Amino acid sequence: MIKRRLGKTELTVSSIGFGGIPIQRAQPDQAVAIIDQMIEEGMNFIDTAIGYTVSESYIGNALKGDKRDQFILATKSPAKDYEGMKADIEKSLKALQTDYIDLYQCHLVKSREQYEQIMGENGAYKAMLEAKDSGKIGHIGITAHSAEFLMEVLEEMPFETIQFPYNLVERQGEKLFERAKALDLGIIIMKPMAGGAIENGSLSLRFILENPNISVVIPGMETPELVKKNAAVGHDFKPLTEAEQAEIEVFKNQMGNQFCRRCGYCLPCIQGIDIPTQFIMEGYLTRYGLGSWAKERYAGQAINASACIKCGVCEPKCPYDLPIRAMLERVQHNFAKG
Ligand code: SF4
Ligand code: SF4
């Protein structure tokens, strides 16, 4: 397995890591088989999140005994305040059945306003630093979907890693990765299959790893077979041929531009709808096969796509010219037929 350096953390990670979303739909004993397969393949990086329901506890259970020390364990919390982050770090430690998490990340930070809250006097970062000082976590990172936001805070932020989407059709992070690499940040790639839109997973993983700025890519995997298949890319890395590059361009053009990049420019919606989140939920419903989880989360929002009054205020703000009104109608339709 090809290994890469995770920036200034000085951790050495397998180029193919493990993303913890799909394991939610596996059986608990399946998690043990997945971890065993990862060990066999020489994979050592696991990323999960406190918000992925059973993911942390399945992984914790599967890592019991002497397996924990064979992995670099990363997880994350969306808490922005001190108390919330402090509590979440303890919950993660408990669920993961460990006394040490290698990398703890601020999850899905969307704006400077949220960033300032995290870094403020009673912000989440203070709790993370305390946890680091007491040896509960090793390193601190951040995850985001907006390249513009991360670019804005990149130079001033104290985080050691960034986690950002990147794949054949979502390349908005390429300049960000260049700058992050120059700052010696570790670069973790989420959504390598564009939320399931890309079927040729190996091709997408090779495309991502061809970028020398990337430290590790974390496809979601819910079976040992999938671990084996994805790991093969990291065992025997083959650069893309000209024919494959052409295939990628064709695919990119076929996909077109009609999918949300989660940049958040369309916000705020006058009805208070978190527009990109509606499309993320829809992806979980229609592409990840996490129907009941997605439905629960969709229904649990105070305001969802059904609140759209089609005023159209958001659409001129979308840099990708997405027909947001029609897309939100599609979201409603998909959740209604479930
Ligand atoms: S069209 Fe719908 S989503 Fe867009 S701003 Fe108006 S209410 Fe919000
Ligand atoms: S709908 Fe457009 S502006 Fe809004 S988050 Fe998605 S890509 Fe960005």
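## Surroundings of P78

In this predicted model, P78 touches I50, D88 and H107 once its neighbours within four places in sequence are left aside. P78 itself lies in the loop that runs between β5 (72-77) and α3 (82-95), and with a relative accessible area of 43% P78 is partly exposed, because that value falls between the 20% limit for buried and the 50% limit for exposed residues.

## The open sheet

Eight strands make up an open sheet with parallel pairing, and their order across the sheet is β3-β4-β5-β6-β7-β8-β9-β10. The edges are formed by β3 (18-19) and β10 (216-217), each of which has a single partner strand, so that one side of each is left without a neighbour in the sheet. As a general point, strands of a sheet pair through backbone hydrogen bonds, in either a parallel or an antiparallel manner.

Within this arrangement, strand β6 (residues 101-106) and strand β7 (residues 137-143) run parallel and are joined by five bridges. For C106, the bridge partner in β7 is I142.

## Packing of α8 against α10

Helix α8 (residues 201-209) packs with helix α10 (residues 242-255) at an angle of about 105°, and the axes of the two helices are 12 Å apart. The angle makes α8 roughly perpendicular to α10, since values from 65 to 115 degrees are counted in that class.

On the α8 side the contact is made by L203, R206 and F207, and on the α10 side by E244, E247 and I248. Sorted by class, this contact between α8 and α10 consists of three nonpolar and three charged residues, with no polar residue.

## Residues around the two ligands

The shell around ligand 1 is formed by C269, I270, Q271 and I275, together with C308, I309, K310, C311, G312 and C314, and also R325 and L328. By class, eight residues of the shell around ligand 1 are nonpolar, two are polar and two are charged.

Ligand 2 is surrounded by 13 residues, of which the closest are C260, C263, G264, C266 and C318. In the shell around ligand 2, ten residues are nonpolar, one is polar and two are charged.

Terms used: Residues numbered from 1 in each chain as written. Chains lettered and ligands numbered in written order. Predicted model: local features only at pLDDT ≥ 70, side-chain atom pairs only at ≥ 80, totals over all residues. Heavy atoms only, no water. Helix = DSSP H or I, 4+ residues; strand = E, 2+ residues; numbered from the N terminus. Buried < 20%, exposed > 50% of the residue type's maximum accessible area, 1.4 Å probe, protein only. Contact = heavy atoms within 4.5 Å. Near = heavy atom within 4 Å. Nonpolar A, V, L, I, M, F, W, Y, C, P; charged D, E, K, R; others polar. Pairing = 2+ DSSP bridges. Axes fitted to C-alpha atoms, helices over the stretch in contact; angles between N-to-C directions. Parallel < 35°, antiparallel > 145°, perpendicular 65-115°, else oblique.
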